Amino acid sequence: MEGIQKIKMSSHTILTMGANANRQTMSILYGDKIAKTIKNKKEYFPGDELHNPTDYNLLDRLPFMKYIKRQCDLTLFEGETLEALYRYREVSNRIAILCSASPETPCEGFKNAPYSQEGRICSVSALYAIMSDTKLESFYLWNREHRDGGNYPPHAVFLPNVPFYPEGTEKEFECNIISISPPVSSDDPQVLENFKNHLRMIFAVARDNRIDTLLLSPYGLEPPCLWPPETIVDVLMQEPPKYEKFLKNLVFIIPKHEKAGYSKFVAKFRSYGFHI
């Protein structure tokens, strides 16, 4: 116990340590919680039936824009994933954050690109310890077997109650994570349809797990994906997922780097009638 207390006092060390040291430390601090998350994880594949047919038909008759404005608060958040998480995590106990996952190896972004969205989440949570567990090997194996060039079919894993050990004055907490690998931007209609299916799966997974506050962060906006803001908004508005009715809050996180195009997002959402 004394050793654990010493580790808990050094959050900066955890933030800057390498991947293997992070996994070992998180396993010491949160071994039981990590095991519980792994036990209760849910994996989702293309074609999984995750909607209620009656809800599906009802929403087919409702324009997404009018529906979401009446039922769900849509927020554009310019900043980083963790900033948004710290701000919104107390809004609901049914919150989930989207992680743009490395497709073929556990949290590759953490090991090779620590300032990526996935890398930043790993640096303050037990995500790497969870995703590198042998019980998650099948997630990456399936992606490798179904790779099509640089893209992958929609394939997600829902991780409940992932322990977070945040920086600064933030208290330890737990948060649900939806982990999925976004397709790379392309003019190919098949790739665009794949991107739409990824977004549909994200909403379906959230609904399946009774999530009411979804931090959509920053999906398709990091290299090498970099989907145009206009395309992302059009997908949300014109190809609506059929699962919005359960959401109370949808927070779309847009990184501050120029290629993310925050002003373009604002302009495009306004063209659909949102007052942002």
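Q: Which residue of S6 is the bridge partner of Ala 96?

A: Strands of a sheet pair through backbone hydrogen bonds, either parallel or antiparallel. Here, Leu 214 in S6 is the bridge partner of Ala 96. This is a predicted model, in which local features need pLDDT of at least 70 and side-chain atom pairs count only at pLDDT 80 or more, while totals for chains, interfaces and linings use all residues. Residues are numbered from 1 along each chain as its sequence is written, and side-chain values use heavy atoms, leaving out hydrogens and water. Helices (H or I, at least four residues) and strands (E, at least two) are DSSP runs numbered from the N terminus; two strands pair if DSSP finds at least two bridges between them.

Q: How many bridges join S3 to S6, and over how many does S3 pair with S5?

A: S3 and S6 (residues 213-216) run parallel and are joined by three bridges. With S5 (residues 173-180), S3 pairs in the parallel sense over five bridges. Opposite Ile 97 stands Ile 177 of S5, and opposite Cys 99 stands Ser 179 of S5.

Q: What is the strand order of the open sheet, and which strands stand at its edges?

A: The seven strands follow the order S1-S4-S5-S3-S6-S7-S2, with mixed pairing. S1 (42-44) and S2 (73-78) are the edge strands; each has a single partner strand, so one side of each is left without a neighbour in the sheet.

Q: Which way do the residues of S3 point?

A: In a regular strand the side chains alternate between the two faces of the sheet. From S3 (residues 95-100), Ile 95, Ile 97 and Cys 99 point one way, and Ala 96, Leu 98 and Ser 100 the other way.

Q: How many disulfides does a search of the whole structure find?

A: A disulfide is a covalent bond between the sulfur atoms of two cysteines. The criterion is a pair of cysteine sulfur atoms within 2.5 Å, and the search finds zero. For Cys 99, the nearest cysteine sulfur, that of Cys 122, is 6.4 Å away. Cys 99 counts as buried because its relative accessibility is 0%.

Q: Which residues touch the most other members of the largest nonpolar core?

A: In soluble globular proteins, nonpolar side chains tend to be buried together. A nonpolar core is a set of buried Ala, Val, Leu, Ile, Met, Phe, Trp, Tyr and Cys residues joined through side-chain atoms within 4.5 Å. Among the 40 residues of the largest one, Leu 127, Met 131, Phe 164 and Ile 177 touch the most other members.

Key: Buried means under 20% relative accessible area, exposed over 50%, partly exposed in between (1.4 Å probe, protein chains only).
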